[in-house]
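Subject: Structure handover

Hello,

Please find the structure below. My notes on it come after.

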Amino acid sequence: MGGKVFRDAFGEPTVSMIRRENVKETLSHLNEVYLKQLGVFEFYPIGSTDERCKSSLLGDLDVVVGSGNLDPKSFRYEMFEYLSECLGYDQVKKVGSIVSVRYPICGTQINEHVQIDIMTSSDASGTAWLMSGGSVKGVFRNLLLNLIAKDRSRKITEDVGEDVKISIAYPGGMLIKRDGKKILESRITCPRHMMKVLRIKANPDDIRTFQGLVDYCTGDPKIRPVLREFSDRVTGATGM
């Protein structure tokens, strides 16, 4: 997510790619030994790091953690300071809204390190759902969700006679505007609430992957036409 931020004096990365077989143990070690001591109770792999993705080799690892009662920005600063003191200030960097850690790989890759990018969120489970995707790049799933939101916006606009726009940010959540003004003060991050707005009648886990969302759209006659626009934008992505 954050790119390779750990490099030596010659500009060469000081982190390695990690084999899938070592991902779970490495993340578990970081969580158990350090993050739980900081009060982290929500810890989710996201994107290609999620075990639903079957990539055998990963360039870095991406996770989101819950910020508890603190706002995500304040908790991110606290986590940065804590991990820097524990692991060394040269092993932890802040890159925008991400804290990147150079972390020893557990398992079969002895004396190797991987970059772990940590996001903070007040709704970690919702952010993890938004950042899902499965074995096909999550960008396809997110594009399809955005097209569903666009179609839903058009239908609501026709019904109420006012311009309604539903948009989804990854991460961030759903924003609804009516005549350019926000309907809600904050974005919607709860998957079930977002699905209710989009009129998607499925369990959130059923559409967590791109293929799961395509399967749902295929079976819902009201949403199925969106697949045509999607296939025009990403030729052959749906296999239809």
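Predicted model: local features only at pLDDT ≥ 70, side-chain atom pairs only at ≥ 80, totals over all residues.

Residues are numbered from 1 along each chain as its sequence is written, and side-chain values use heavy atoms, with hydrogens and water left out.

Cysteines. With a disulfide taken as a pair of cysteine sulfur atoms within 2.5 Å, the count is zero. For C86, the nearest cysteine sulfur is that of C106, 16 Å away. For C190, the nearest is that of C217, at 19 Å.

Helices (DSSP runs of H or I, at least four residues; strands are runs of E, at least two; both numbered from the N terminus). The axes of α1 (residues 20–35) and α2 (residues 72–87), lines fitted to C-alpha atoms over the stretch in contact, come within 12 Å and cross at roughly 95°. In the contact (heavy atoms within 4.5 Å), V33, Y34 and L35 of α1 meet M79, Y82, L83, C86 and L87 of α2.

Strands. Two strands pair if DSSP finds at least two bridges between them. β6 (residues 98–104) runs antiparallel to β5 (residues 92–95), with four bridges, and S100 in β6 is the bridge partner of K93. Two residues lie between β5 and β6 in a hairpin, and G96 in the turn has a positive phi of about 65°. Six bridges join β6 to β7 (residues 113–121), also antiparallel, with R102 partnered by Q115 in β7.

Regards

Definitions and conventions
Axes fitted to C-alpha atoms, helices over the stretch in contact; angles between N-to-C directions.
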